[in-house]
Amino acid sequence: MKRRPTGFAGTGALLRLALRRDRVMMPVWILVTALLVVSMPGSLGSVYATAAERAQAAASMNANGSLRALYGPVFGDSLGALTAWRAGVFGAVLAAVMSLIIVVRHTREEEETGRQELLSAAMVGRRAPLTAALLAALVANTCVGLLVAAGLAGQGAAGAAALALALAGTGMLFAGAAAVAAQLTESARAAKGVTAAVLGAAFVLKAAGDAGTAGGASALTWASPLGWVENVRAFAGERRWVLLLLAAAVVLQVAAGYLLAGRRDLGMSFLPSRPGPAEGRLGTAGALARRLQRGALAGWSAGFLVAGAVFGGMADGAAELVGGNDRTREIIERMGGQGGLTDAFLATMAGLFGMVAALYAVSAVLRLSGEESAQRAEPLLANAVGRIRWAGGHLAVAFAGSALILLLAGLGLGIGHGGEVGATVAATLAQLPAVWVIGALAALLHGAAPAYASTAWAVAGSALALGWIGPALNLPQAALNLSPFAHLPRLPGTEPLSWAPLLALTALAAALTAAGLTALRRRDMTA
């Protein structure tokens with residue numbers, strides 16, 4: 001008689017499999033997250049060279065409600081405290097996104113594609129897949145924590161350890177949230193969407209609390225896990241008991257995930273999707289693609305509009321915040337052009353929106369991979385729907401959706417700034433050719449090498465890192481030019497509009513897309 005496996009049997013093998021599958025994606029996330037944090041003391045030290053400059057900057061930042069909403073309050077004027085202020089929350093957000101991707105990828109996505117059912121036919125326990133996914137997330141967050149602690153040890157060992165634990169703890173908290181979402185929802189996309197919505201709500205709560213109250217004392221700030229990160233007060237009289245609060249929340253989330261996992265059948269969920277009736281008619285592949293992606297596009301659109309309004313409201317205070325600091329002016333002008341400081345700030349924000357929009361483009365294009373791996377593409381292609389029409393519907397959503405969210409970002413920038421809306425809209429739309437190049441590269445990878453399609457995330461992340469961190473690190477222009485965004489005109493400002501790079505990048509995007517569609521038409525569909 002065959003012995004029934006224990007609940008955790010096979011966890012080690014599944015963990016090794018997860019780490020092998022993520023051997024590219026996981027190191028990229030870890031290095032980008034750690035680099036964002038550990039690079040800050042050097043760049044901030046070159047901007048604020050003296051204690052007096054740092055104290056003045058901290059006072060100015062704490063007096064600016066918009067900056068407090070974005071980054072949180074500053075609790076000290078040391079380089080370590082400024083690093084925790086500038087990169088702490090954003091490092092925690094990156095760790096959270098990394099964790100939710102890892103957990104959903106190795107739980108709900110495995111069930112959705114049917115691979116988990118094959119693995120469960122062997123000696124694999126009921127709780128082994130969830131345990132392996134959480135352990136993979138723990139490995140990734142531990143690496144982030146160790147790199148941050150080592151990189152910031154020179155600023156103070158206690159502060160470095162506190163910030164490292166806060167980042168790793170936040171990552172594990174959202175790993176637990178993803179574990180719960182994977183049990184509640186029926187698809188990997190829905191699980192990621194629910195967890196991302198929780199992360200977005202946490203940021204909104206923290207921003208609302210910090211905007212209205214200085215010192216991180218607002219009840220709204222304390223209601224957000226991201227607010228706990230800033231209230232650890234790394235390098236400024238650490239509050240270690242906040243880390244215990246974070247640890248308790250992680251334990252509760254993970255326990256809830258295990259409890260739910262033990263009460264459902266493989267492939268099932270507590271919140272099953274409702275099968276129709278569909279509203280309207282879906283007579284074309286393009287209409288189906290729009291229906292499938294409209295929720296994500298609506299979320300990105302709302303986020304870009306609100307973020308544009310917030311950054312636009314900060315533009316008028318840019319000159320006051322920078323004051324006479326030549327190094328800060330140099331960084332902003334290197335990112336945004338040589339026009340007036342306000343125009344350079346707006347151009348910098350337009351470039352940032354473009355780089356983030358590339359993440360949306362990759363996500364929308366790789367919906368093709370999700371549909372194919374979940375075997376939902378084959379029933380469509382078995383009918384009178386060709387591969388080009390099927391893929392073209394999703395690509396049209398990706399490229400047109402990128403234009404829409406950048407249009408809304410420019411509109412928000414103009415409204416928040418109270419200036420000429422047309423100029424800010426033109427500045428954000430000028431980012432489109434570079435966004436389309438990265439989206440087209442994702443289409444090429446899906447068509448020619450579907451097993452490596454997720455590499456497009458690394459490309460988009462590298463472009464974001466080069467554009468956002470590169471100027472502060474004073475990287476050579478040759479390195480910055482590796483990103484397609486480095487070749488775009490910086491608008492608004494006095495820099496004349498050059499159509500040559502826009503047309504060249506658009507042509508490159510068209511060529512990459514055509515190559516991807518050609519490869520898709522010629523290869524076999526993946527199982």
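A search of the whole structure turns up five cavities of 30 Å³ or more. A cavity here is a set of points on a 1 Å grid over the protein atoms alone where a 1.4 Å probe fits but cannot get out, and lining residues have an atom within 4 Å of a point. Grid points are joined across faces, edges and corners, and a volume is the space filled by probe spheres set on the points.

Before you start: this is a predicted model, where local features need pLDDT of at least 70 and side-chain atom pairs count only at pLDDT 80 or more, while totals for chains, interfaces and linings use all residues. Numbering runs from 1 along each chain as its sequence is written, and side-chain values use heavy atoms, with hydrogens and water left out.

**Exercise 1.** Work out which helix gives the most to the lining of the second largest cavity.

*Solution.* Start with the volume, about 130 Å³. Next, the lining: 13 residues, with Phe75, Ala84, Trp85, Val229 and Glu230 nearest the centre. Now look for helices (DSSP runs of H or I, at least four residues, numbered from the N terminus). H6 (79-105) and H13 (225-231) each supply at least two lining residues. H6 gives the most, with five.

**Exercise 2.** Find out how the buried residues of helices H1 and H3 are arranged around their axes.

*Solution.* Sort residues by relative accessible area: buried is under 20%, exposed over 50%, partly exposed in between (1.4 Å probe, protein chains only). In H1 (residues 11-21), the buried set is Thr11, Leu14, Leu15 and Ala18. Looking down the axis of H1, these fall within an arc of 105°, so they line one face; the arc is taken over directions from the helix axis to the C-beta atoms. Arg16 and Arg20 are exposed on the other side of H1. Then turn to H3 (residues 40-47), where Met40, Pro41, Ser43, Leu44 and Val47 are buried. Their arc is 165°, so they too line one face of the helix.

Terms used: On a 1 Å grid over the protein atoms alone, a cavity is a set of points where a 1.4 Å probe fits but cannot get out, and a pocket is an open set with protein on both sides within 12 Å along at least five of seven lines; lining residues have an atom within 4 Å of a point.
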